[in-house]
Structures are given as structure tokens and as C-alpha cells.
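This report describes how selected secondary-structure elements are arranged and packed in a predicted model.

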Amino acid sequence: MAEKVIEAKKKGQKKSSEDYTYVGMVFHRLTRHKLAMVGAFMLIFILLFVFVGPLVWRANPNEQIEGLEGMFNVPSRAHPMGTDDYGRDVLARMFFGGRISLFIGFISAITSTLIGALVGLVAGYYGGWADDLLMRFTDAMLSIPTFPLLIALASVLGKGVWQIILVIVIFGWMVDARLVRGLVLSLKEQEYVEAAHAIGASANRIMWRHLFPNTLAVLIVSTTIGIGGAIIYEASISFLGFGVQAPFASWGNMLQNAQQFIWNSPRLIIYPGLAIFMTVLGFNFFGDGLRDAIDPKLKL
Amino acid sequence: MDNREVLVDIKNLRTFFYTEDGVVPAVDGIDLTIHRGEVVGLVGESGCGKSVTALSILRLIPNPPGKIIGGEIFFHGQDLLKKNEEEMRMIRGDKISMIFQEPMTSLNPVYTIGDQISEAITLHQKIDGAESKKRTIEMIHLVGIPEPERRFSQYPHEMSGGMRQRVMIAMALSSNPELLISDEATTALDVTIQAQILDLMRGLQKKLGMAILIITHNLAVVAEMAETISIAYAGKIVESASAKETFKSPRHPYTYGLLQSIPKFTEKKTNEPLPAIEGMVPSPYHMPKGCRFNPRCPFATEKCREEEPEILELTPGHLVRCFYPIES
Amino acid sequence: MRDYIIRRVLGMIPLILIVMIVSFGIFSLVPSPFAALSENPRIKKADIQRLKHAWGFDLKWYLRFFKWFSGVIRGDWGPSLLYPGSMARDVIARALPVTVRLMGIEFLVSLVIALPIGIISAVKQYSVTDYVVTVISFLGMSMPSFWLGLMMMMLFSVVLKRPDGITPLLPAGGIITPGLEDASFWVKFGDRAQYLVLPVFVLSFISIGGYARYMRSSMLEVIRQDYIRTARAKGVPERSVVNKHALRNAMIPIVTLVALSMPGIVGGAAITETIFNIPGMGRLIIAAEIKADYPTAMIGLLLISVLVIVFNLVADIVYAWVDPRIKYS
């Protein structure tokens with residue numbers, strides 16, 4: 001195989017699909033997907049901003065400047081993004097708020113994907129009453145309008161980072177469960193599962209060794225796009241006051257009570273909102289490109 | 001020699017596919033002649049370019065990624081490749097019709113079969129309404145489907161595969177075309193149904209007199225149906241002769257290999273394995289240098305690996321593309 | 001077909017039960033709904049006791065559930081705490097039409113724009129149009145609705161003004177200009193319209209992307225099919241291939257999508273209503289939750305969930321009816 005590749009390169013011939021490994025192929029397709037690369041670029045920028053930023057611009061995100069003069073300052077050298085309604089440095093809050101928002105998004109998405117995958121695997125593999133029961137429950141949960149219940153749960157469980165993650169996960173696993181179950185059902189029919197069965201592999205082994213790796217690709221895409229969704233959820237919950245609490249910043253709670261800012265200081269609405277928008281956009285672009293790269297023909 | 005008028009004359013057709021992974025020379029210099037009323041077989045393994053040739057005649061190649069980049073396809077002396085879309089549209093379904101391999105998916109599931117056949121009639125003949133319905137029912141009857149009036153209002157999923165293929169044939173022949181292209185039309189059917197459909201086609205050909213281009217990988221099918229056979233390999237024609245000649249004295253090593261690998265009823269029983277052609281069809285991205293068959297040819301020489309052979313007419317009507325054709 | 005419907009209707013019942021249990025369960029986790037009430041000096045202790053009894057808070061949780069359950073079924077949805085003196089039922093009845101009007105218009109606008117865009121995108125895949133549509137869809141799907149709402153409000157109420165230089169170009173909230181409640185139909189119509197422009201824009205911008213992509217992928221899926229190739233081989237003109245052969249098949253999943261979006265017309269967009277100060281269901285439920293009016297919130301939630309379940313069923317039935325493969329089998 002390797003010699004063929006070298007040969008092709010020597011003759012200046014383009015490599016064809018037979019000359020790559022699976023991961024190599026996916027990567028190759030991904031790098032050629034324009035939107036995905038734009039998304040990746042945006043994400044890298046955001047990550048650098050949020051993690052490297054505080055090393056460059058050292059300011060305390062929670063330090064308040066007293067008095068009216070401290071509030072709603074216009075960007076200056078002392079405060080490149082100005083100050084907010086409590087006289088705090090906005091740029092610093094953007095850094096740390098970003099970290100929290102990204103953290104919540106990431107953890108929520110991964111957790112709900114894993115839980116959903118577990119439910120889907122079990123339901124799909126065992127079928128029968130287990131499938132029925134799990135899917136009924138999934139359908140019921142899907143019927144409940146997410147947003148009002150998110151608020152309800154948030155008010156019940158209290159306010160804070162971990163509570164938000166829990167809440168988002170409680171409402172996020174269903175989509176992946178359905179997805180994985182469907183995939184497992186179709187994979188189950190394939191011969192290599194029958195073969196594994198025939199040589200006496202246990203249910204557990206078949207599920208984890210054979211079925212799960214094949215759902216991995218789908219799950220990775222789902223997680224990527226899920227991070228975007230989770231970030232928007234967090235922003236919405238925090239906006240209404242149920243999420244991340246003061247003095248901690250998140251991009252969402254920086255927009256809390258933002259209606260008053262329209263008149264006083266519009267940039268306080270633009271900065272965090274734009275950050276959320278660009279982050280989610282980046283994840284969506286990248287996730288979409290990933291989906292196309294993994295299987296250009298598959299309609300997920 | 002054939003004194004019938006030449007209906008379709010394909011000269012040096014080249015249809016390439018430009019994909020992300022490289023260029024696929026699906027059809028790379030194919031010549032084919034079809035006379036009025038002649039039944040021609042185009043035989044070859046998967047990927048040899050036979051279906052692409054058929055689609056090229058009707059200019060149905062999906063673009064992207066495919067493109068007809070060279071050659072000429074003469075129909076009644078006019079080059080189809082130079083016609084515009086509107087002119088082609090009038091030929092499709094009217095003068096040249098095509099039926100496809102998968103009867104299960106080739107019919108639109110949301111319209112009745114009566115509707116779909118009538119559509120073909122209305123498009124090309126200036127009749128509609130009750131008149132076209134009448135003609136449609138005649139066609140349904142012609143292809144051997146019982147209770148044509150009842151079937152008119154049925155949907156494709158209410159019919160079996162064999163019956164759907166009959167519907168396809170009815171649709172294709174509704175305007176009495178001069179050429180019917182059958183692209184592996186029986187491949188997806190049960191053997192018994194296959195036989196029925198072939199019988200039907202043979203009967204209709206005698207009755208209506210159209211030419212048929214039968215595309216298949218199944219030699220038994222062409223043995224039954226075709227007058228002339230062309231064998232395709234890796235995008236080129238490697239042998240072309242009358243059916244009788246092809247089976248009696250194949251001259252190209254590939255044809256010879258194909259015929260050898262068919263289990264024969266009359267041969268004495270031996271314990272030897274069925275001879276198969278060594279190797280695999282070349283990848284379209286890595287075509288071998290020289291004669292495309294050389295990696296699998298038991299008789300290949302250095303010349304075969306370096307140069308590509310041209311088509312030669314060994315005996316009248318018998319063409320072979322090989323430097324060392326087998327003695328007859 | 002009839003058996004299919006009957007089976008599905010029966011299948012709805014366990015779903016609704018589960019939803020009711022989950023709804024009730026979440027709200028019963030709330031520590032004490034009466035704490036806020038007790039602190040309000042205007043509400044007498046005796047009244048609170050009466051309420052407690054009326055809602056069964058003096059009972060064990062499972063009995064309380066049954067009490068609530070039977071009340072809901074009978075149409076007795078309890079009093080509203082948000083608007084003391086009113087019954088929850090009336091409060092909801094007032095909020096419902098507002099949301100339905102907003103969401104109904106938004107839905108129509110979205111579909112009318114999204115479907116043709118999706119079709120064109122699919123037919124001209126990889127063209128500039130397709131690319132632009134894809135990018136705009138992503139923009140819509142990536143924006144938090146409240147941010148877009150706020151930005152629009154800023155633009156049209158703060159930055160852009162009417163010729164007099166003072167009045168905002170478009171109102172920043174509300175649904176009708178005070179004082180016009182008794183005006184003629186057309187005056188009211190025009191007045192209401194200006195209040196709807198921004199919220200409808202915000203909501204549809206976000207959903208058009210999703211619908212357009214859905215239509216696009218449905219259409220792409222259909223255009224790849226063998227029977228489309230057959231139609232072309234028959235000599236069907238390309239326009240008919242798209243409009244007659246392809247569309248009829250591609251619309252089948254869309255019909256399902258429409259049916260599934262119906263509950264959204266009631267559930268609405270809680271956040272958008274909150275920002276634009278629109279007294280609809282979404283805002284009501286959120287406000288109810290914030291102010292601890294749990295009875296109202298629970299009913300609101302339940303209402304929407306039941307609608308979702310019912311419309312899931314409707315979607316399935318419509319799908320079966322529209323696809324001959326299922327109808328005649």
C-alpha cells in the first residue's frame with residue numbers, strides 16, 4: 001500500500017480514495033470543506049481569545065469601580081471594551097465568561113450524547129419491551145416543550161453551573177438516543193453482527209466492541225453540533241436569571257437585564273451576543289463539515 | 001454483411017467522470033453499430049462502461065460529475081451529441097427508449113402506473129384524456145398484464161417486480177420507438193420471471209420491429225436474444241461479432257475466459273474447479289499501461305504491457321482488439 | 001389504515017400519562033410554593049389554608065397527583081396566583097390567541113419563504129444560490145433568539161426613527177397601541193401589524209434556515225432516485241421533472257414537519273414574547289414559573305405537551321394518507 005502511494009506521488013498523480021486510511025480520508029475531505037474550515041478557524045480564534053486572553057490582558061473581571069462614573073464606560077485604554085453596569089471591566093468578563101459558557105456547552109453536550117448513546121444502544125440492541133419502554137419514555141420527554149421546563153427545573157434545582165449542565169443534559173439526551181437506536185437497528189442486520197453472535201460473543205461485547213465504534217462517527221458530529229445548542233440554552237437560561245449567578249460571568253448572564261442597555265450602552269449587548277453567535281456558528285459549520293466528511297452520501 | 005439501414009452508429013465515444021478522488025474514464029473509445037430491427041448485445045462485467053454507454057446515447061449522464069468528452073453518436077445520420085436539450089427530449093421516450101435495472105425503484109411511487117404510462121403517450125403523441133387512457137390500457141394488455149383496466153389505477157407498490165418491469169416496457173414502447181435500450185432490465189428479477197420478460201421482449205420485437213440494445217453481464221441472456229454481440233472491458237470494446245461466431249469461436253482472451261467459466265450442461269463431469277479469469281477488473285483510477293486486459297491475460301507479452309492494441313477486423317463482421325487473437 | 005389509527009391513538013395515552021407525571025413531579029420538587037404567598041400581607045392566612053386544601057397539599061403526594069389529575073380532566077384548572085382573583089383557565093384563555101396569532105403568522109411567513117428557497121437550493125446544488133442559502137440558514141440557527149431580538153430592537157427603535165425624529169420606527173414591545181382597542185378593524189389591523197413586524201422577523205429568521213435545509217435535503221434525496229431518471233428517459237421536460245415528479249415525493253416529509261410544528265404555534269417562543277412584552281402563552285408560563293404560580297405553569301406545560309403528542313399522531317396519519325405506499329397496503 002505504502003509503495004503505491006509513493007509511486008503515485010512520484011508520477012505526480014493525484015492520490016485516489018484507495019490510498020488513504022479511513023481517518024485520513026475523513027481528514028482529507030474535511031480540510032477541503034470550505035465552511036468547515038471557516039468554522040474551525042473561528043473556533044480556534046475563540047479558544048485563543050478565551051484561554052490566552054487573560055494572560056495578555058490582566059484585569060479582574062469582578063472588580064467594580066465605584067460610583068456612577070465607573071458605569072457604562074466607553075472603550076478606552078484602561079478598559080478596551082468599556083465597563084458594564086457595575087463598573088466591571090468588560091473585556092476581562094468576556095474572557096472568563098467565555099470559559100464558563102464553553103465549559104458548560106462542552107460538558108453538557110458530551111454527557112447528553114453519552115447518555116443518549118447508552119439508551120439508544122440498549123434499546124436498539126435488545127429490542128422488545130426494553131425498546132418499547134425506553135422509546136416511549138424518550139418520546140414523552142421529547143413532547144415536553146424544552147424551554148419552559150428548563151426554567152422550571154432550573155428554579156427547582158437552584159442556580160449555578162452544575163445545575164445548568166444537569167438541566168441541559170436532562171433535555172438533551174433524547175435526540176442522540178433516537179439517532180443511535182436507529183443506527184443500531186440498521187447495523188444489527190449487517191452480517192458481521194450475525195457473525196459475532198455465531199462465534200458466541202456476549203451481548204455486552206457485541207454492543208461495545210462492534211456496534212458502538214460504528215456509531216462513534218455520528219456521535220462526534222452530534223456532540224459538535226450539540227455544543228452549539230447547549231451554549232444557546234445556557235445563554236437563554238442565564239439571560240432570564242436562572243443560570244450562572246453573579247459575580248461569575250457567562251456570556252449569557254452578561255446579557256441579563258440587557259433591555260436597559262439598549263439605551264445606555266448598546267455595546268454591552270453586542271459583545272457577548274456576538275461571541276455566542278460566532279462560537280455557535282463555528283461549531284455548526286465545523287460539525288456540518290464533519291458530517292459531510294465522514295460520509296458524503298449519508299443523510300443524517 | 002448487414003443490409004439493413006444503420007440506425008445508431010457510435011464512434012469513439014468517450015465519457016469521463018470527474019470525481020473528487022480522480023478522473024474515471026468510464027467509456028474510453030467505444031464503437032458500436034446498431035441496424036434497424038437488430039438485436040445487439042453489449043456484454044461485460046460491472047464497471048466496464050456498458051451502462052454509461054447507454055446513458056450517453058440518450059445524454060442522461062449526470063453532470064456533474066460526468067461528461068461526454070469525445071466521439072460521435074449518429075442516429076439516422078445525425079450526431080446526437082450536437083443536438084440541444086429540447087431536441088433530445090423529443091427523442092427520449094419517442095424514438096429511443098430505455099428501461100432500467102431496478103423495477104422496484106424505477107417507477108414513481110406516488111402516481112398510478114396508468115398515469116405514468118399515459119404521460120409518456122401524451123408527451124409524444126398529440127392525444128390525451130380518454131384517447132390516451134385507451135391507448136395506455138392497450139399497452140398494458142400488450143405487455144401481458146391481465147385485467148388492464150383494473151391495473152390502470154394501481155400504484156407501483158401494489159405490483160410485483162416482474163409486473164413493474166412489464167409496466168416499464170409498456171411505457172418505453174408506448175410511442176413505438178425505433179430503438180429500445182434495455183440496461184440490465186432482467187438482472188434484478190428471479191430467473192423464471194427473467195425468462196418471461198425476455199420472452200415478452202422477443203415477442204414484441206418480432207411484432208413491432210424495433211431494434212434492441214441489450215446490456216447485460218449475463219452471457220446466457222445474449223445467447224438467447226442477440227444477433228450481434230459486443231464485449232466490453234474497462235471502457236473499451238474488445239470483441240464484436242455475430243452471436244454465433246462469439247460463442248463458437250471467441251478470438252479475444254477475455255471472451256474466451258468468460259465462456260470457459262460458464263458451467264456447461266453437456267460436458268463430462270470432472271473434479272476440476274471451474275476455470276476463472278485470474279485477477280480483478282482494474283480500478284478506474286489506476287488503469288494498466290498498454291492493453292487494459294494484460295494483467296489478467298494468460299497470453300500477455302511485453303508488447304501487451306507497453307502498447308494498446310487497435311481494433312482489427314479478423315473476418316468480415318468479427319472485430320477484435322488484441323495483438324495475439326486466439327486461433328479459431 | 002383504520003387499525004393503524006386506532007393503535008396510534010391508544011399509544012398516545014401512556015405518553016400523556018408520562019408527561020403529566022413528569023410535569024407534576026418536577027413541580028412537586030419545589031420546596032414550598034406557599035412561601036411567597038405567606039409573605040404577602042394582602043393574602044389572609046385562612047385563604048392560604050383554603051388554597052392548600054383545594055390543591056391537596058394536605059394530602060400525600062400520590063393522592064395529590066390524583067386530585068390534580070381529576071381536576072385537570074374535568075376542566076378545573078385551579079386559581080391563578082399570578083393574577084389573584086382570576087382562574088388559571090381564563091388567564092390561559094386570554095394568552096392563547098395572542099400567541100397563536102404571532103406564531104401562526106410567523107409560521108406562514110417562514111414556510112412561504114423557506115420552501116421555495118429549499119427547492120431552488122436542491123435543484124441548483126453547489127451553485128452560488130445554494131451556498132448563500134446554506135450560509136444564511138446557519139446564521140439563523142446559530143443566533144440566540146433574544147440577542148437577535150435585542151439587536152433588532154436597537155436598530156429599529158433606537159437608531160431608526162420616524163420622520164418626526166422621536167418616535168421609534170417600529171415599536172419596541174407590546175401588541176397594540178393603547179387607546180385603539182375600540183378602533184375600526186382596519187385601523188386595528190394596521191396598528192397590530194407594526195407591533196408584529198420585529199417579533200415575526202426574529203422568529204422566522206431563526207426557523208427559515210431549518211425549514212429550507214429540510215426541504216433541500218428532502219428534495220436532494222428525491223432527485224437522486226431512479227424514478228426521476230426514468231422520467232427524464234421518457235422525455236419529460238426538466239421543469240415537470242422537478243415540479244411534478246420530484247416535488248410530490250419531496251413534500252411528503254415536509255407535511256410531517258408542518259404537522260410537528262403545529263404545537264410550536266401554541267408553545268410559542270417564550271423568550272421572544274418576554275423581550276417584546278407580548279402577553280402570550282410563552283411569556284405566561286415563564287412568568288408563572290418565576291412568580292411561583294405553579295398551577296398555571298403546570299397547566300401551560302401540560303397543554304403544550306399534549307398538543308405535541310396529538311400533533312405527532314396527526315403527522316403520522318397525514319403521512320400515511322399522503323403516501324400511497326402506506327395508504328394502499
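In this predicted model, helix 4 of chain A passes helix 5 of chain A in a left-handed crossing. Helix 4 (residues 90-126) and helix 5 (residues 128-143) of chain A pack at an angle of about 140 degrees, and their axes lie 7 Å apart. On the side of helix 4 of chain A, the contact is made by A:Val119, A:Val122, A:Ala123 and A:Tyr126, which meet A:Gly128, A:Ala130, A:Asp131, A:Leu134 and A:Met135 in helix 5 of chain A. By residue class, this contact of helix 4 with helix 5 of chain A comprises seven nonpolar residues, one polar and one charged.

Chain B contains an open sheet of eight strands with mixed pairing, in the order 6-7-8-3-9-10-12-11. Its edges are formed by strand 6 (96-99) and strand 11 (312-315) of chain B, each of which pairs on one side only. Direction ignored, neighbouring strands of this sheet are turned by 20 degrees against each other on average.

Within the sheet, strand 9 (residues 228-233) and strand 10 (residues 236-242) of chain B are paired in the antiparallel sense over six bridges, with B:Ile229 standing opposite B:Ala241 in strand 10 of chain B.

| Helix | Strands | Angle |
|---|---|---|
| Helix 1 (residues 50-57) of chain B | lies across strand 3 (39-43), strand 6, strand 7 (179-183) and strand 8 (211-216) of chain B | about 145 degrees to strand 8 of chain B |
| Helix 10 (residues 253-260) of chain B | touches strand 9 and strand 10 of chain B | about 105 degrees with strand 9 of chain B |

Definitions and conventions: Residues are numbered from 1 along each chain as its sequence is written. Chains are lettered from A and ligands numbered from 1 in the order in which they are written. This is a predicted model: local features need pLDDT of at least 70, side-chain atom pairs count only at pLDDT 80 or more; totals for chains, interfaces and linings use all residues. Side-chain values use heavy atoms; hydrogens and water are left out. Two strands pair if DSSP finds at least two bridges between them. Helices (H or I, at least four residues) and strands (E, at least two) are DSSP runs, numbered from the N terminus. Axes are lines fitted to C-alpha atoms, for helices over the stretch in contact, and angles run from 0 to 180 degrees between N-to-C directions. Contact means heavy atoms within 4.5 Å. A crossing is left-handed if the near helix is turned anticlockwise from the far one by less than a right angle, and right-handed if clockwise. Ala, Val, Leu, Ile, Met, Phe, Trp, Tyr, Cys and Pro count as nonpolar, Asp, Glu, Lys and Arg as charged, and the others, Gly among them, as polar.
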